[in-house]
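My notebook is open, and I am ready to look a few things up. Here is what I wrote down as I went along.

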Amino acid sequence: MAQSSLSSVRRLEALGQGGFEFVVRIAQALQVVDQLNALFTPTVESIAQAELEESLAKRQRARAPRSLTKASTWP
């Protein structure tokens, strides 16, 4: 129904590899084109909100255990 090869569909399902046009054809064949709109709806309301979300998402390096720091003393 999407006018593509079975191997292309399998590659999309298994690896997520496929062009946008191909994905749209698959969505049309499955009659779920309306669900693609969620991909293009902005979720950020302002630049400040985007910066806040980015700063919260950044990973931070964990501190070394106290036993491995310079301040630790041996008995």
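I began with L30, which sits in helix α2, residues 20–30. Helices here are DSSP runs of H or I with at least four residues, numbered from the N terminus. I noted that L30 is exposed, at 59% relative accessible area; exposed is over 50%, buried is under 20%, and partly exposed is in between (1.4 Å probe, protein chains only).

A note on the source: this is a predicted model, where local features need pLDDT of at least 70, side-chain atom pairs count only at pLDDT 80 or more, and totals for chains, interfaces and linings use all residues. Residues are numbered from 1 along each chain as its sequence is written, and side-chain values use heavy atoms, with hydrogens and water left out.

Next I checked L30 against M1: they are 29 residues apart along the chain, and their C-alpha atoms are 8.6 Å apart. I also looked up A29, which is in contact (heavy atoms within 4.5 Å) with M1 and A2, leaving aside neighbours within four places in sequence.

Then came the salt bridge, and I found one in the structure. Which side chains form it? They are E21 and R25, at 3.7 Å, N to O. The term needs a side-chain nitrogen of Lys or Arg within 4 Å of a carboxyl oxygen of Asp or Glu. E21 and R25 are about one helical turn apart, because they are four residues apart in helix α2. I marked E21 as exposed, at 59% relative accessibility, and R25 as partly exposed, at 26%.

How values were computed: Helix = DSSP H or I, 4+ residues; strand = E, 2+ residues; numbered from the N terminus.
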